[in-house]
Amino acid sequence: MATFDGDKPVTTSYDLPVSEPLRALMRRGWGERESEVITAHESAPWSSERRAALSARFPGKRLVIPAGQFKVRNNDCDYTFRANSAFIHLTGMVAGDIVPESILLFDPTPTGHEIILFVHPKNDRSLESFYRDRRHGEFWVGRYLALTEIKKKYQINARNIRELDEFLLAKKETLVHRGEDTQLDSAIAAHEKDGELTIALSELRLIKDEYEVGEMRKAVDATIRGFADVVKSLPEAMNHPRGERVIDGTFYKRARTDGNELGYNTIAAAGSHACVLHWIRNDGAALAGDLLLLDAGVEVESHYTADITRTLPINGKFTAAQREIYEIVLAAQEAGIRAVKPGAKYRDINNACMKVLAEGLERLGVLTVSATESIDPNVGIHRRWSVHASGHMLGIDVHDCAKARGEQYLDGELAVGHVLTVEPGLYIQPDDLLFPKEYRGIGIRIEDDVLVTEDGVEVLSRELPRDPDSIESWMKSLQNR
């Protein structure tokens, strides 16, 4: 399988040679295929507004936002390509239409910016690349959109990526969203304000527009279906030595059939694995009597992802100790959700959750100080059992807007259009001698996706049962027991 350096193929030891007669034959005898009817995508007007907002923030400056490059998994095999989130947000392009190595350019004009998407276009049959280039050749990866089709579908001007250099030759103050394309980073000198562009791209995603909220609803609905699939698979998982893999694979099937991909690596943590916050090995047993902490999300074709966690009794019934810890976490989550409303501080959510968790731990007799003393940030001993924050922004990235300034995020106020998670948890390690034996190895997290509305909050994932009785009834109905 050849790759290309310009028009010249770079071959490997196992590439078959191409004879002159074959080369000549491959250049002729091709007709025009019937093209699908292209209409403007529903994301187009929204992404146009986002581009306009970014343009207004950086008048007179050239902005360069790459889609990103292929990432090698091993030898000549790449990971599945996924464009960087800023590029997705500004173009509105869905997964199958984004061409790796594309570049979005904001070229300054006296009145704003000329915005151009530079891409590898639909293959030209006069070039060898269409049948020899394993990364961009149509015979290998399928047909790309023509430049005219991109313009029609996404309402953005598109040009051949080979024309990019002539635009970059003009001496203009240039800011680059770095870290996504090594060739671009090397070709354009770093600017002291590159970081300002990256911050702006992140903050631009803080408030979701109507299109984005609709995509989040799709992602949540698909994820709920995935959780139901997992519950149905639990009898099989209990009878497999690596039951977590059965669970992982079951959810992945839903992500691929109803969406584009997983929004992040699934956490399918059974038993004490639930006490490992990012347990993604998913190679353990799923035993009756243990809990399953399932943290998973479907990423839909627009790249928006859900992020939901439920902690489920694998055999369908909570033990007394499991239920006791679960109800503390549930009460904490409900307090966190009540704190979500326009004008509230983002930190209010975590504070509300942590207060309830500390009070629960005090009742259990494991705190060496009162709950009131513990929630003082200078004390915080309750965090031995809950070390993570109780939520984060959500959108194209599972931890969305991560480069936003602290005053806009952690120390900011909630506003209509914020989408975030509320996800308190308690984790009692299997060797934690501060707890009686029946509690050790219990890890519980409950996570829902919420939208800040004018009236307060909408729990987007409300259709997925949360309280213990509802969970047990739901599991029983899905397993026909």
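**Close-up views of a predicted model**

**View 1. Pro121 sits in the loop between β7 (112-119) and α4 (129-132)**. Helices (H or I, at least four residues) and strands (E, at least two) are DSSP runs, numbered from the N terminus. This is a predicted model, in which local features need pLDDT of at least 70, side-chain atom pairs count only at pLDDT 80 or more, and totals for chains, interfaces and linings use all residues. Residues are numbered from 1 along each chain as its sequence is written, and side-chain values use heavy atoms, with hydrogens and water left out. Apart from neighbours within four places in sequence, Pro121 is in contact (heavy atoms within 4.5 Å) with Tyr144, Leu145, Leu147 and Asn160.

**View 2. Five strands form an open sheet in the order β8-β7-β6-β3-β9, with mixed pairing**. Two strands pair if DSSP finds at least two bridges between them. β8 (157-160) and β9 (174-176) are the edge strands, each pairing on one side only. On average, neighbouring strands of this sheet are turned by 25 degrees against each other, direction ignored. Seven bridges join strand β6 (residues 103-109) to β7 in the antiparallel sense; Thr109 has Gly112 of β7 as its bridge partner. Helix α9 (residues 194-203) packs on the sheet, where α9 touches β3 (62-66) and β9, and its direction makes about 55 degrees with that of β9. Axes are lines fitted to C-alpha atoms, for helices over the stretch in contact, and angles run from 0 to 180 degrees between N-to-C directions.

**View 3. Phe70 and Phe81 form a tilted aromatic pair**. The ring centres are 6.2 Å apart, with 55 degrees between the planes. Rings of Phe, Tyr and Trp (its six-membered ring) pair if their centres lie within 6.5 Å; planes under 30 degrees apart count as stacked, over 60 as edge-to-face and the rest as tilted.

**View 4. The largest cavity holds about 40 Å³ of space**. A cavity is a set of points on a 1 Å grid over the protein atoms alone where a 1.4 Å probe fits but cannot get out; lining residues have an atom within 4 Å of a point. Grid points are joined across faces, edges and corners, and a volume is the space filled by probe spheres set on the points. Among the lining residues are Ser43, Arg50, Gly92 and Tyr304.

How values were computed:
On a 1 Å grid over the protein atoms alone, a cavity is a set of points where a 1.4 Å probe fits but cannot get out, and a pocket is an open set with protein on both sides within 12 Å along at least five of seven lines; lining residues have an atom within 4 Å of a point.
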